[in-house]
Amino acid sequence: MAIADKLVLQRQRHLKWQAFDRLELVLMVVCGILCFGFSLSVTADIVTRTIGHPWLWLQEATSTLFIYAIFIGAAVATRRNDHLYLTAVSEAMHGTPRTIVEVLIRIVVLGVSACLIWFGYINYLRGFGSFRLPSGTPIASLYAAIPFAGVLIALFTVEQLVNGVRNGFDHPEPPEEDRDIPPVEVRPETRARP
């Protein structure tokens with residue numbers, strides 16, 4: 001099984017467009033790199049401080065990696081229905097009530113994404129007046145992640161809304177099969193008798 005097949009979630013395919021699968025794959029890889037980089041920079045920061053020669057730029061790198069991982073992760077989790085989504089309420093319903101609740105939930109998520117885009121962009125513009133130390137980089141470099149994530153969240157929410165209204169939100173999921181584990185063959189024990 002290719003790595004792309006493992007990273008792109010196949011659950012709830014009726015709510016997804018295949019055209020966005022590549023985007024989900026790229027976002028998952030980016031999130032993995034960001035989380036790895038964050039862990040590495042925290043470790044390096046601790047080690048350099050412990051030995052008495054701190055690298056001050058590591059704190060900037062750590063915060064940048066952390067912030068981008070959070071916001072890009074929130075966007076990809078929206079596509080995978082793992083974030084900003086109230087599953088317990090909607091999955092307990094069927095038919096028209098479920099459709100209404102699913103649409104309302106996604107309208108709320110669209111509202112949240114609109115706030116991320118609007119207010120994130122305002123903060124991004126204001127961020128050019130403040131600078132990070134010791135590099136002197138405008139803090140807008142951090143705030144850019146907020147409207148970017150808002151656009152992705154809105155895109156994935158519209159994808160789910162359109163497909164949910166067209167195909168219905170209530171689709172039973174096929175049982176997940178673990179293809180990596182070979183079937184176990186059960187044989188009766190044979191013992192040599194004395």
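Which residues in H3 meet which residues in H7? Ile67, Tyr68, Phe71, Ile72, Ala74, Ala75, Thr78 and Arg79 in H3 are in contact (heavy atoms within 4.5 Å) with Ala145, Ile146, Phe148, Ala149, Leu152, Ile153, Phe156, Thr157, Glu159 and Gln160 in H7. The model is predicted: local features need pLDDT of at least 70, side-chain atom pairs count only at pLDDT 80 or more, and totals for chains, interfaces and linings use all residues. Residues are numbered from 1 along each chain as its sequence is written, and side-chain values use heavy atoms, with hydrogens and water left out.

**Helix H7**

**H3 against H7**
- The axes (lines fitted to C-alpha atoms over the stretch in contact, with angles from 0 to 180 degrees between N-to-C directions) of H3 (residues 57–79) and H7 come within 8 Å and cross at roughly 5°.
- H3 is therefore roughly parallel to H7 (an angle under 35 degrees).

**Cysteines**
- The count of disulfides (pairs of cysteine sulfur atoms within 2.5 Å) is zero.
- Cys31 is in no disulfide, and the nearest cysteine sulfur, that of Cys35, lies 6.3 Å away.
- Cys31 is buried at 11% relative accessibility, whereas Cys115 is partly exposed at 42% (buried is under 20% relative accessible area, exposed over 50%, partly exposed in between, with a 1.4 Å probe and protein chains only).

Definitions and conventions: Helix = DSSP H or I, 4+ residues; strand = E, 2+ residues; numbered from the N terminus. Parallel < 35°, antiparallel > 145°, perpendicular 65-115°, else oblique.
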